[in-house]
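This briefing covers a strand pairing, the sheet around that pairing, and the shell around the ligand. Please read it alongside the sequence and structure shown here.

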Amino acid sequence: MSGAGPKREVPIGFKPRGTPGKEVMGYSAADVERYVYCPLSWALARRGMSGVDEALQRGEADHAAVGQRIAKWRRILADHHESLRIALYLALTAASAMTLALEVVFLDAHWAYHTLLVMMSLLWLFIALGFLLRAILKEKEAQEVVAEAGLVEGELAYSDLDRPAETLRSEKYELSGRPDYIVRRHDHYIPVELKTGRTPDTPHDSHLMQLGVYCLLVEENYGIRPPHGVLQYSGRTFEVPFTDEFRDRVLETTLRMRLSDMTGVVHRNHERPGKCRGCSRRDLCPERLA
Ligand code: SF4
């Protein structure tokens with residue numbers, strides 16, 4: 001960074017976490033996002049200096065609205081699966097009754113039993129068809145909800161928007177996080193992160209790194225590397241390939257964070273006054289530009 005103004009070596013008394021020589025080395029995806037946005041913002045947040053963030057509050061409201069749609073999507077999918085399950089059981093029962101009816105005929109036994117079994121199997125078969133039709137309609141309804149809400153298509157595998165989800169953890173990379181939602185597509189699990197506010201022409205670096213952490217977490221928790229992650233802005237959706245290069249950049253960022261943690265030296269990483277104007281921690285920041 002070509003500096004503007006003096007810098008303090010250890011700004012605002014930033015200290016490494018943990019006891020000396022045994023620092024805690026775990027970061028959340030949100031930590032990584034904040035660090036890439038501005039390391040100072042990350043350091044201030046670590047000291048509990050959250051500031052006032054109206055954009056964050058608006059973002060939470062938007063996330064809650066999407067959460068309601070995901071809850072609806074989840075309910076419809078549950079109905080779809082339940083209908084399919086019932087249709088399958090009824091069809092199996094009808095098939096068993098029909099087999100029994102045929103056996104009764106071959107044994108030259110009572111026609112009354114035979115007729116009763118055939119009638120029952122036909123009845124179960126019709127009810128099974130009804131549930132199958134319901135399952136198909138529910139699947140269509142789920143697709144409509146996904147399209148209307150602008151959600152990423154696929155089978156919903158995880159969501160932190162409609163209810164608190166389990167935090168995904170990587171012991172290998174000492175990372176953790178909760179993506180907004182994950183969809184399953186052709187045996188791949190795709191993390192999706194929603195971003196509110198202005199839609200950029202290209203995704204912000206901080207958002208990319210956060211998504212990269214989610215890709216790493218999905219890789220470790222689902223046992224298969226995602227081909228890409230998705231960043232969803234209100235006006236545009238970006239599919240970001242999870243390439244080797246991208247993966248290396250994410251890990252390199254976490255190494256830089258560890259270095260900051262160990263040395264306690266953290267500085268602003270940009271020369272953009274506009275960024276500082278939009279920063280919730282500007283009132284507390286010793287290096288702010290605006
Ligand atoms: S005010 Fe500017 S330099 Fe300070 S934390 Fe915010 S973005 Fe970084």
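Tyr158 has Ile182 of β5 as its bridge partner. The model is predicted. β2 and β5 (residues 181–185) are antiparallel to each other and pair over four bridges.

**Sheet**

- The open sheet is formed by five strands, and their order is β2-β5-β6-β7-β8.
- Pairing within this sheet is mixed.
- β2 (155–159) and β8 (237–241) are the edge strands, each pairing on one side only.
- On average, neighbouring strands of the sheet are turned by 25° against each other, with direction ignored.
- In general, the strands of a sheet pair through backbone hydrogen bonds, in either a parallel or an antiparallel way.

**Helix across the sheet**

**Shell around the ligand**

- There are 14 residues around the ligand, and those that come nearest are Cys38, Cys276, Cys279, Cys285 and Arg288.
- Two elements, α2 (39–46) and α7 (273–277), each give two or more residues to this shell.
- α2 provides the largest share of the shell, with three residues.
- Which classes of residue make up the shell around the ligand? Seven residues are nonpolar, six are charged and one is polar.

Definitions and conventions: Residues numbered from 1 in each chain as written. Predicted model: local features only at pLDDT ≥ 70, side-chain atom pairs only at ≥ 80, totals over all residues. Near = placed C-beta within 6 Å. Nonpolar A, V, L, I, M, F, W, Y, C, P; charged D, E, K, R; others polar. Pairing = 2+ DSSP bridges. Axes fitted to C-alpha atoms, helices over the stretch in contact; angles between N-to-C directions.
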